[in-house]
Amino acid sequence: MPLSTSRRLALLTGASVALLAGCGSSSDSADAKSAPAKVPVVASTNVYGDIVRSIGAGKVDVTSVISDPDQDPHSYEADTHNQLALSKAKVVVENGGGYDDFVDRMLKSGHNDSAQVINAVRVSGRTAPKDGELNEHVWYDFPTVARVADRISAALAEADPADAAVFRKNATAFKAELAPLEAKEARIKEEHGGAAVAITEPVPLYMIEASGLVNRTPTRFSEAIEEGDDVSPRILQESLALFSGRKVEALVYNEQTSGPQTEKAEAAAKAAGIPVVPVTETLPKGKDYLGWMTANVDALASALAR
């Protein structure tokens, strides 16, 4: 039986739609093949996230869990978005040392056993001193950061072998930029070695020690501030006496854990004419790691030169 005109049109239209759909599918597949997937990376803080971006360039997709400069990382509570990102990550960079334990917990609950996990404290090789506590803030220790950069490069190369040479080149360039920072610390040590300083908590201690400076802050003061505990009146007065007695040449102050007791220390330092050097635990807005650390070391040098 001859096909009606409407029937012939319907068949022709269907064939055309199928042809166009096939062409579209082929084009989409070609586009997908021409744009290689980026390596999914999760960093516990934007400090490590920025280092990953420096080494991975445009070949990584980085999620930094803690990125708010006003957020105290010690009290951070991860959420379901973090869990999802960690479940898909091929590379994870955490600080370790009890600083960001939520990373390991969420990796386990997300059943991501294949991710390469870089633990900065383990890479550093640092351990707690006898009868003391580990200072986990190893991103203020430039030799450790250089080793972490190498580990990041190797992990990215394993996840994306085609771009291994790019990652190695970028890591080498990044480490070359760390060298001037270590030179600045050496210059401070040469000019001010043995000078006494105070801190509000241990965040900048590796930078202070590498600069040849001596921390005079009572341990029970800085540890209590780090843990969010109250400082006893006796220890507080002992700490404030460092400034009223001009026993230190600078106060290095963590702005992210400011409170009534640290504010008293800051006020006492300023009243005595002792310079205050503000530092943070995470990247300030608009800064990269190298620029941030350069500003920190320069600020310390300027304070001691006053």
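Tutor: A residue is called buried when its relative accessible area is under 20%, exposed when it is over 50%, and partly exposed in between, with a 1.4 Å probe and protein chains only. The model is a predicted one, in which local features need pLDDT of at least 70 and side-chain atom pairs count only at pLDDT 80 or more, whereas totals for chains, interfaces and linings use all residues. Residues are numbered from 1 along each chain as its sequence is written, and side-chain values use heavy atoms, with hydrogens and water left out.

Let us begin with charge. By the rule that a side-chain nitrogen of Lys or Arg must lie within 4 Å of a carboxyl oxygen of Asp or Glu, the structure holds 6 salt bridges. One of them joins lysine 184 to aspartate 298, whose closest N and O atoms are 3.0 Å apart. This pair links distant parts of the chain, with lysine 184 in helix α7 (residues 164–192) and aspartate 298 in helix α12, 114 residues apart; helices here are DSSP runs of H or I with at least four residues, strands are runs of E with at least two, and both are numbered from the N terminus. Lysine 184 is partly exposed, because its relative accessible area is 24%, and aspartate 298, at 31%, is partly exposed too.

Another bridge, between glutamate 238 and arginine 234, has its closest N and O atoms 3.8 Å apart. These two residues both lie in helix α10 (residues 233–244), 4 residues apart, or about one turn of the helix. Glutamate 238 counts as partly exposed at 41% relative accessibility, while arginine 234 is exposed at 53%.

Rings of Phe, Tyr and Trp (its six-membered ring) pair if their centres lie within 6.5 Å, and planes under 30 degrees apart count as stacked, over 60 as edge-to-face and the rest as tilted. The count by this rule comes to 6 aromatic pairs. In the pair of tryptophan 139 and tyrosine 140, the ring centres are 6.4 Å apart and the planes stand at 50 degrees, so this pair is tilted. Tyrosine 140 also pairs with tryptophan 292, and because their centres are 5.8 Å apart with planes at 70 degrees, this pair is edge-to-face. Since tyrosine 140 lies in the loop between α5 (120–124) and α6 (142–159) and tryptophan 292 in helix α12 (residues 289–305), the pair ties together parts that are 152 residues apart in sequence. Tryptophan 139 is buried at 2% relative accessibility, tyrosine 140 is buried at 0%, and tryptophan 292 is buried at 2%.

Taking contact as heavy atoms within 4.5 Å, isoleucine 152 touches Ile51, Val52, Ile55, Val93 and Ile118, leaving aside residues up to four places away in sequence.
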